[in-house]
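Good morning, everyone; today I would like to walk you through the pockets of one protein and the surroundings of its ligand. Please have a look at the sequence and the structure first.

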Amino acid sequence: MTVSVVILAAGQGSRMQSDLPKVLHPLGAVPLVVHALRVAREIDPVQTVVVVGHGGEAVAKVVRAEDEFATVVAQPEQLGTAHAVDQVRATLDGIDGDVIVLYGDTPFIRAETLAALRAARLWHDVVVLGFEAADPGRYGRLIAEDDRLERIVEFKDATEGERAITLCNSGVICADRAQLFDLIAQVGNDNAAGEFYLTDIVALARAQGLSAGVVRCDEAETLGINTRAELAQAEARFQTRKRAEALENGVTLCAPETVYFAQDTYLGRDTVVDQFVVFGPGVTVESEAHIRAFSHLEGCHVSRGAVVGPYARLRPGAELAEDVRVGNFVEIKNAQIDEGAKVNHLSYVGDASVGARANLGAGTVTCNYDGVFKHHTEIGEGAFIGSSTMLVAPVKVGAHALTGSGSVITQDVPDGALALGRGKQETKPGLGKRLMDRLRAAKAAKGKG
Ligand code: UD1
Ligand code: MG
């Protein structure tokens with residue numbers, strides 16, 4: 001049975017007090033809506049559609065960057081969750097199979113739960129994901145007996161008795177595409193909010209002899225984000241989960257609570273991560289690497305046995321081969337560092353390729369930017385770059401070549417050559433001391449006067 005996913009993300013999220021649409025606020029370094037897109041992708045849908053409204057263009061841009069096959073549909077006016085899903089009617093026309101509705105602001109739903117929802121479609125025409133709420137607050141209440149669902153009542157419309165129910169609606173539902181849109185067409189807005197409630201499809205389904213069921217999940221999974229405080233709580237929860245996952249997968253975290261992960265951080269077995277390390281999006285660290293304290297990594301790949309930091313910064317496109325060493329106060333961006341090469345101190349390596357076992361001395365800088373264009377630096381295998389060498393790109397230093405400390409290298413250096421690009425030293429015997437004596441005398445005279 002094929003499945004399509006509809007992600008509702010048109011709401012304003014006014015309680016965030018933000019100019020940024022709610023679903024673009026980051027959790028684990030990626031926007032909330034991307035969490036929904038990624039869990040959707042795990043169930044392999046034939047079609048994913050995101051319904052956007054407030055900040056629609058910005059949301060659409062993020063959606064397309066994450067998933068080029070996802071469709072974005074606008075809901076110009078937010079008239080309720082049923083109205084939101086109805087915007088997708090034409091897009092899904094003719095696509096047979098099930099539809100799962102997710103929210104763009106509910107980032108913890110797991111693929112296993114969506115699979116359970118689909119499995120329950122064997123017994124029910126409409127399946128709703130519910131949870132036992134510790135504090136049911138304003139959630140919609142599920143009127144159910146065992147796994148059979150009668151109807152959903154929104155908090156605003158509920159009686160005192162119904163409000164006492166603790167089984168709540170997560171908002172995630174699954175139904176056959178054609179049936180879902182038939183039911184939605186019958187939804188009205190005669191209720192306390194004057195909205196078209198998607199939740200009404202349950203009672204409508206039951207009234208026409210269809211069956212509805214509930215699949216339960218843990219409350220933590222359905223956590224939605226409405227305020228900055230909830231976003232902060234969700235982030236803490238997310239980090240706790242990622243740390244536990246890393247430890248389970250055989251990663252050593254010396255001080256787990258000081259290591260921060262992105263949604264897609266991958267750390268290989270027997271890698272060691274020291275204190276206070278931040279992983280931004282798109283980081284893969286292979287096994288047996290060592291990420292030392294106070295390092296910041298994003299969009300990079302660290303191979304087996306490499307050592308990074310302390311105090312290193314790996315930016316997007318940093319590609320470290322096996323056994324590379326990147327030391328303190330070193331920044332690497334869009335650069336391939338081949339096996340066993342060393343960049344140990346105070347360096348910037350950007351838009352570059354560094355050959356195997358090359359050694360870049362302290363203070364090496366690739367001068368990659370001329371103010372308009374970026375240029376490439378190539379350093380050959382086994383080259384030795386003297387401390388404080390400025391490599392003015394585009395430039396190439398050959399294999400096993402050397403540059404003298406303090407050189408400004410503007411021309412290519414052939415394999416095996418030594419290049420010196422600096423002023424010649426002049427030494428004046430005795431002048432240093434004479435100069436200092438004169439300055440001290442001048443200071444003493446000034447003090448008296
Ligand atoms: C909804 C459910 C409620 C459930 C709760 C779970 C309905 C009527 N109620 O209530 O039973 O317990 O979620 O969190 O479905 N959206 C749109 N367009 C709209 C309206 C909403 O895209 O016109 C999106 C929102 O951006 C949000 C989601 O749908 O992502 C849910 O909308 P929201 O207004 O938060 O619904 P709740 O009142 O929380
Ligand atoms: Mg809500």
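This is a predicted model: local features need pLDDT of at least 70, side-chain atom pairs count only at pLDDT 80 or more; totals for chains, interfaces and linings use all residues.

Residues are numbered from 1 along each chain as its sequence is written, chains are lettered from A and ligands numbered from 1 in the order in which they are written, and side-chain values use heavy atoms, with hydrogens and water left out.

A pocket here, on a 1 Å grid over the protein atoms alone, is an open set of points where a 1.4 Å probe fits, with protein on both sides within 12 Å along at least five of seven lines, and a lining residue has an atom within 4 Å of a point. The second largest pocket has a volume of about 390 Å³, a volume being the space filled by probe spheres set on grid points that are joined across faces, edges and corners. The elements that give two or more residues to its lining are α1 (32-42), α4 (111-119) and α8, where helices (H or I, at least four residues) and strands (E, at least two) are DSSP runs numbered from the N terminus. The largest share, five residues, comes from α1.

Now to the largest pocket, with a volume of about 1,700 Å³. Of the 50 residues lining the largest pocket, Arg-15, Lys-22, Tyr-103, Asp-105 and Asn-226 are the closest to its centre. Where does the largest pocket lie in relation to domain 1 and domain 2? Domain 1 (3-222) and domain 2 (228-419), whose bounds come from an automatic or database domain assignment, both give residues to its lining, so the largest pocket lies between them.

Finally, ligand 1 is surrounded by 19 residues (each with a heavy atom within 4 Å of it), and the closest are Gly-11, Gln-75, Thr-81, Glu-154 and Asn-169. As for polar contacts, which are pairs of N or O atoms within 3.5 Å, a nitrogen atom of ligand 1 is 2.7 Å from an N or O atom in the side chain of Gln-75, and an oxygen atom of ligand 1 lies 2.6 Å from a polar side-chain atom of Glu-154.

How values were computed:
A polar contact is a pair of N or O atoms within 3.5 Å; within protein, one must be able to donate a hydrogen and the other to accept it, and residues adjacent in sequence count only if both atoms are side-chain atoms.
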